[in-house]
Amino acid sequence: MEGPTPVSALIHAATMVTAGVYMIARTHVLFDHSPFALGVVAVVGAATALFAATIGTVQNDIKRVLAYSTISQLGFMFMACGVAAYSAGIFHLVTHAFFKALLFLAAGSVIHAVGGEQDLRKMGGLWRTLPVTFAISTVGVLAIAGFFPFAGFFSKDAILYAAFEHGMLGRALWVSGLFSALLTSFYVFRLWYLAFLGRPRSYTGRHHATPWTMLGPLVILALLSIGGGWIGIERFSAFLAPATGARRVEGGGGHLEMILALSTTAVALLGLLIADWLYRRRPDAPAELAAALPHGYKLLAHKYYVDEIYGAVVVKPLLGFSKFILEWVVDVAILGGLAWLLGGIAMLTGAILQRWQSGNLRSYAAWLAAGAAALLLFVLVPWATVLASLSAIHLGMAGH
Amino acid sequence: MNPVPDIFRILPEVILTVTGVAVMLIDASLPPDWARRPLGWVAALGTTLALWASLWQLSLPVGTGFYSTIETSPFTVFFHVLICGIVLVALLLSLDTLPEDSHHQGEFYALIVFGAVGMCLLTGAVELLLVFIALEISSISTYILAGYRKDTPRGPEAAIKYFLLGSFATGFLLYGIALAFGATGTTQIYEIARLAPTAENHGLVLAALALMLVGILFKVSAAPFHVWTPDVYEGSPSPVVALMSTAPKAAAFALLLRVLYEMFPSLHATWTPLLWVVAVLSMTVGNLAALRQENVKRMMAYSSIAHAGYLLAAFAGFGSSGIAAASFYTAAYAAMNVGIFAVITVASGYDEKRPLVNDFRGLIYRSPLLGSLLIFFLVSLVGIPFTGGFFGKFYSFTAAVGGGAIWLALIGLLNSGLAAAYYLRLALAAAQHQTAKEAKDAGPTPQVGIAVGAALLLAVAATLILGIVPGEVLRAAEAGAHVLEAPPVQTTVLVGPVLSPPAP
Amino acid sequence: MNEINQSILTLILLVPLAGAVLVALAPDRFKLPNWIALLTALVAFGLTLHLPAHFLLGRGGFQFEVNRPWIENPVIHYHVGVDGLSLWLVVLTGLLAPIGIVASWNAIKERRKVFYSLFLVQQTAMFGVFISLDLMVYYGFWELSLVPMAILIAMYGRKDGPKAAMKFFLFTFIPSAPLLVALIWLYIQTGSFDFTTLQILIAHGSFPAGAIYWVALAFLFAFAVKVPVFPLHGWVADTFSEAPVALAMVVAGKLGLYSMLRFHIGLFPEQARAVAPWVIGLAVVGILYGACLALVQRDFWRLMAFAALSHLSLITLAIYGMTLTGWDGAVYQILNHAVVDGALFILLGALYDQYATSQINAYGGLAAKLPRTATLFVISALAMIGLPMLGGFVGEFMILSSTFSGVSKSWTVAAALGVILGAAYMLWLVQRLFYGPESQMATSKPPHDLKVGQLVVLWPLAVLMLVMGLAPSLWLASIQTGVHPPQSRIPNLSPQSVLSISSLGEAQR
């Protein structure tokens, strides 16, 4: 998220963060043995999709929007894995790689063009200055929102269908997924409106023409975002079957399939309409809405305070515990104190022993005589006998 | 077996006496404005000759001379060589460090040599009266040497304290001798050993043992008879402390070994626990009191008390292992202690204006040689392997464990851990950076002359040899131990006056 | 070749010692002490490389063995040899010496003779510890290693060297008192200090059970302080703060851990098994405790000290897990930890030399100014965290997996938690030192990035971390020959020979 744009693109879109999805698909044998674990994956996935999407709706940094969008799409993939539709998850991973890389690179192109500005509120009207980027971004936006026939439609539809088919839990997941899809559509179009349409707002810095070296990859990705989904989930599943198992072949037509596909498209359209209404027709509405729901807005803007909660629940207590209990009490006070005490006792005894050394001759002579007396006592008193008789007396008393 | 002329039995003592007398006479006959330094070389030469003579005595059959009053055996040779070695180093040390203009330099050398005569006699004597005389010879010269710096207040005080307390302690010894005579009717050690177990009045024998131990433990500065040590060491000139913290102690330990293992082996069960207590007390008291000590010489005085304790631990060992360990320890302790006092002598100078631990700060920066040597000897005193101090402790505690005194060994070794604290304080002070002001205060860099260099070389070599290849020395100590365990067979039982006409 | 094999270990011991003498005698001019020391260390390193080159993998037991009588009474033999356990530790010691010297090249300005001389003595002592097979010789080197360390810490300490040196010395010297008593007791009982003889005698002989238990405990105690094991770690933080880089690199860990494997578990397998649950408990506490304290340190030397406590406790855990894989992993992790810690110490030393502070919050945003330092630091930090492909991963994985399958699942979870915390404090350290806004100190001083001399030692270390992560079998093949349980190492022992050996012991007693 904070890295340079192409790096973000690569990391977020294709490789690193999706590794988890890949890992689940790869180790699906383990997950298949534990329906509970799968359920957890599915619920976590759905929740991730929803939470990240809601956060994405209020972000103003263009790259942050995309970053939360990535998290949200990852949630979709997890959800797919959680309902054992591994190939659908991987399918979405692939299509998502196309359009998310595209969006990131397009965003990079935009940022480059407006002189490093990343705040959406300061952009606007860029379709005029960056027509190619605008066109390409539109493809990406349509793809991620899930419009037919763009790539995102096919994979997202496969996931939602698989969820719907997955019993009671699946229905709930489907509802949540559908709502996330709506939000997805909304926030990408919000980005699209803010960045490209309307009037240029207050970005400083000169316009840079986007060079073809930047546009070339974008075009390729755009083509993939358009056509990448046409391969279809059936063929993709068959392709993955050796790895993910061929138990479920998703899709397969029918009314249900059609209804679900239509509902997916419908929510995408709805998202577009809401964005259109809020950011084109009533540009003041978002601010009013935020003012009307201050708590909700703040909650979203602060990402549900997740970082803060981690900080308060894990990091702060851990650091405090380490600092005060472990370091000060255990390390310094107890362990250090113990060593200090041992040293102190030795030193103190030493000081007392030095007092012995009065420098006074008479006392020295007295000590000498006392020592001699002690030695004589030691040698002359038959200690063994004395001790034996003492213990005998003791025993005798005990006997009484 | 050819009878050995009696004079050969005391050849080293004779050589030393002649040397001492010669030094004194030359000193008296030289014009007052001539330097007395060459006299030191004469004394050193005599001591070296005496050392060779002692070694030569090894070729004599083990036996006694002068009517069974003096013995020559590997045991006596071991201690003779040790004492002569120490005296030699002390002489070399004094040669370079006594100020040119100090008065009575000739006497100084003569006294050292006379002291050596007493100590050598003490190790060879097998007759309690001779023991007493030898002890007095060595003590009196040491008393005088302790007060050699008459111009400082501490010097005479040290001498008086040492003299009075020493006489007091010797009184106990003498009383013990009298009781031993009373119990057995003889003062010949072999005879007492033979008669003591069957003595009518066993209490008298026990009292004799106790009182003699008082006298001897005073000389080795074992607790609780150690109180004199710090004051005397502090007041005496460093070269003298180098001598008197080692040579008279070595002689006294030889006497202790003789008294306990040769004279009263029958009382083994009595004196073992006694020495156990004394050993623990000595090392603990010595080390604890040294911990806070700021004056280096006082610190080393306490250290010597602690070392007496480690040494006494060897007496918990059975028979020859204990004797050998104690003898070896004496040698190891002498080597490193002479060495460290040599360094202290050179580093703090004759007048000892800067006697505190902090005054040694940055010694390794001022004089790398002295600093390194100081650390080296301290490391040996700590008991780090590959130095004499380690094997000394090792043998001593091995003897103790062999004798079943595991706790003594454990206490002893923990004590040496405690001791590391103050040895290290001095060593680390020497290794520490000094500020520019301190460097200025510290005065000129101490120089190491030829004689001191030779003395240091001897001490370092001895410490290293004892630490890396201790085999030869240990073998010598064991040979001595066997003699003590099985004294030379007495052919003629001495009855009647000791002073009979000389043999034809 | 045979003659070389016979004398190679002796040469390895003597070369640094000879170098120490040479340095002491040579004049302190033209950086002569540095060059002599470097040359000697390189020669010694070259000699150590002879060992793996001619190590016979198929053969168990000790190789390059020399066994000559040294001292008659007590029977001490100059008995040295290496097996799979010590082989790489010797090489590692050889490798770290020239690196340490180069790292001190400019940092040590005064009394270079003393420094390099003592450094080489320390080197000899450490070689001695790893190759000695006579317990007395071993003890000798073990103790000897304390002295140069203490003196050099006192001489070159950053703030209060003498205090740290004293702490270090007392902490590590006092526990060796029980060790020596235990050694003496063993000798009195058996008449031998020889490792293999004692191993056989203890395995088959009849000692009073209580006594041998205490003897084993005395061994463990001495080693545990040196590792360190919680709660005996009091000396580490001060020592790390004060010790010159070249010595801090070697002070903790390998001597104690190796001794645990060789002389505690190796000699007293049964007694070690009896105390293992306790040691494991302490090790797990140490892992978490060290990691937690590392999190809250403000001084990077102290952070490294507690990090070391955490990492070394992990190795202790593996050692007392008593599994073969754990032992392999432990030895491997000892090597890896030494390499990584060495690199980190050099880098932190370079920072300290330049900015004269070890307060972490004084740093910040240095990555742009010191790109080389930052790069190497990140690589080393990642290796320490245990990133796959770097050495730390292999060791940690072996340790955790062996603990999981062979010891206890809950301990493994706790230990893994420590590993996670390890990532937290290391990455946080990286972030605070090199990233974020540039601190005032960083802007006010002209940057001096690593010089050629430092790069020459650091890049090989970084490459080594990578190779250790990618091809651990290069090391593990020979390590595995060394950690087989002692029972299987003496398979051809017929009852008669056991009898004859124990009767030998009787005779010597």
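**About the model**

This is a predicted model, in which local features need pLDDT of at least 70, side-chain atom pairs count only at pLDDT 80 or more, and totals for chains, interfaces and linings use all residues. Residues are numbered from 1 along each chain as its sequence is written, while chains are lettered from A and ligands numbered from 1 in the order in which they are written.

**Helices 5 and 8 of chain C**

Let's start with helix 5 (residues 135-144) and helix 8 (residues 176-190) of chain C, whose axes come within 11 Å and cross at roughly 165°. Helices here are DSSP runs (H or I, at least four residues) numbered from the N terminus, and axes are lines fitted to C-alpha atoms over the stretch in contact, with angles from 0 to 180 degrees between N-to-C directions. The two helices of chain C are therefore roughly antiparallel (an angle over 145 degrees).

Helix 5 of chain C contributes C:Leu135, C:Met136, C:Tyr139, C:Trp142 and C:Glu143 to the contact, and helix 8 of chain C contributes C:Ser176, C:Leu180 and C:Leu183. Contact means C-beta atoms, placed from the backbone, within 7 Å.

**Helix 7 of chain C**

Of the 13 residues in helix 7 of chain C, 12 are buried, so this helix is largely enclosed by the rest of the structure. Buried means 20 or more other C-beta atoms within 10 Å of the residue's own, with C-beta atoms placed from the backbone. The cover includes helix 19 (406-431) of chain B, along with helices 6, 8, 10 and 11 of chain C.

**Where chain B meets chain C**

This contact takes 31 residues from chain B and 30 from chain C. On the chain B side, helix 19 gives the largest share, 15 residues.

Conventions
Parallel < 35°, antiparallel > 145°, perpendicular 65-115°, else oblique. Contact = placed C-beta atoms within 7 Å.
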